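Colleague: I am new to this one. Please pick a single part and take me through it closely, with some context around it.

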Amino acid sequence: MLHKSIVSIIIFALISCSGIQPGNAARILAIETFAGRSHWNFLGSVLRAMTNHGHNVTVFTPFLDGNRENYTEIDTSSLFPIKLGMSIVEMRECFSNQFTPISSMMELSRLSCEILHKNEQLNDFIANKLQSDFDAIIYEGGFASGCLSYLAGDSNLPVIHTIPNPINSYTERITSGDTFVQRLTNTLVWLYSNIVVTFQEYLLQLSDPKPYDLVAIKPPSLVFINTHFITDKARPVQPNFVSVGGIHLKPPKKIPKDILDFIEDAPHGVILFTFGSTTSMTSLPKNILTAFKKAIAELPQKVLLKYEEEMEDKPKNVMTRKWLPQRDILAHKNVKLFISHGGISGLYEAVDAGVPVLGFPLFGDQHRNIDNLVDAGMAIRMEIFSVTKDNFLKNVLDLVNNENYTKNAKITSEIFKDRPMSPEKSVVYWTEYVIRHKGAPQLKSQALNLTWYQYFLIDIITVILMFIFISVLIVFKLFKFIRTFYTKIYSSFSKVKSD
């Protein structure tokens, strides 16, 4: 009897420490605001962590995984233009100028606001159910425009943002560094970005005002960022910014038999070559594809290639598929190299598996992602439109045969996995935390309470400059007085002496 009582006390104590009590699971409303597969992979993984820990999630999404326990989907795929299989050439042209995407990202955010605002079911949730039926709301906060703040309505619920790409990813590659030129460029790009976005959005609000523009921007209680210091430079962040890079990683599954046989029947190993789902490999210029095929044909390794059509003149050592289980393949011990466009999800999979990377960054954060793995000594970077058979073949053989790349990849993998808490547990803990503490205002930066001139210390700098000016003026006047005084004395003395 005593034994049962002790066990009951222990169970009660464990339950009491677990944040959300049994029968009081949190109710989360989630909204995917951008129809990109990689964006959904991140938000979907955050939501899965919540449902796996007993919380209830209702989500508006264009990417359907199917309803399950504690998880209800509402289909928005008919409303959003899903970004899949886009032209590599067109994407490179769009992002060739670091300044061009800023306006495009702002317009894309406003397009999301327009699409979501026309969804009557979502409007009903926000107007009639948000405050009474949910404990928190989570959505991707948008690229530039603040119009998505209307999703939180007039409720006082905790607002949670997700950021699938690291902050400032569209300009960071040309600005990261410590030199004067890099810091100056960073300042100018930041000023340009803020001025352009603010001005353009102001003009849009004047010329074509929307109901969602009337809602004040609501700072989030919590932000989940798809970052890790292996693939992102260390930087000061607020306490409510939580890095959960790699949260999408699941235990590897069984590889389809035909692909597994291809991998295991490769005495020199296998190379995985894919540019993800957003862009299409078939959109590459013919001369680039020809260079790839000629170089691959000379490799002793076999190559698994994601290719959307039937490939002409396919090398004998190549298997093509329209889709490949990337995570599961990279985890196989016979995979020697990952050739990638630098999407953050795929790079986390390569880092987790300890596989070297040959990167061809195309746009967005991919340049910065690859550069950081180059700094870690586990990757080589190439420009897609500068590829020749010889330079591609040389780099592939170097990455496969030079043991330093594999060694550094294993070290990077160990660092990546060494965390005090898994990304899933971090998501659950901090979500429960902001719900328990009514939005946890104590985590928000005090900068939110400052005006722009206070934030940039303009008032402090002005006072200091005024003090310096007044001090210099006083010193100047003092010296002028002393000079005048001694001049008069000298003149009087000279006059007396003359007389």
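Modeller: Start with the whole chain. Among contacts (heavy atoms within 4.5 Å) with a separation of 6 or more, 67% join residues 24 or more positions apart. This is a predicted model, where local features need pLDDT of at least 70, side-chain atom pairs count only at pLDDT 80 or more, and totals for chains, interfaces and linings use all residues. Residues are numbered from 1 along each chain as its sequence is written, and side-chain values use heavy atoms, leaving out hydrogens and water. The chain has 17 helices and 15 strands. Both are DSSP runs numbered from the N terminus: helices are H or I with at least four residues, strands E with at least two. Of the 499 residues, 46% are buried. Buried means under 20% relative accessible area, exposed over 50%, and partly exposed in between, with a 1.4 Å probe and protein chains only.

Now the close look: helices α11 (residues 344-353) and α12 (residues 366-375). Their axes come within 10 Å and cross at roughly 20°. Axes are lines fitted to C-alpha atoms, for helices over the stretch in contact, and angles run from 0 to 180 degrees between N-to-C directions. Angles under 35 degrees count as roughly parallel, so α11 and α12 are roughly parallel to each other. The crossing of α11 past α12 is right-handed, with the near helix turned clockwise from the far one by less than a right angle. Which residues of α11 and α12 meet? From α11 come I344, L347 and V351; from α12 come N369, I370 and L373. By class, this contact has 5 nonpolar, 1 polar and no charged residues. Here Ala, Val, Leu, Ile, Met, Phe, Trp, Tyr, Cys and Pro count as nonpolar, Asp, Glu, Lys and Arg as charged, and the others, Gly among them, as polar.

Move on along the chain. Most residues other than glycine have a negative phi. A440 has a positive phi, near 45°. A440 sits in the loop between α15 (423-436) and α16 (452-455). A440 is buried, at 0% relative accessible area. L457 also has a positive phi, near 60°. The loop between α16 and α17 (458-498) holds L457. L457 is partly exposed, at 46%.

Last, an annotation. An unreviewed UniProt entry marks residues 452-476 as "transmembrane region". Such annotations may be inferred rather than shown by experiment. In the model, that span is 92% helix and 0% strand, and its end C-alpha atoms lie 34 Å apart.

Definitions and conventions
Angles under 35 degrees count as roughly parallel, over 145 as roughly antiparallel, 65 to 115 as roughly perpendicular and the rest as oblique.
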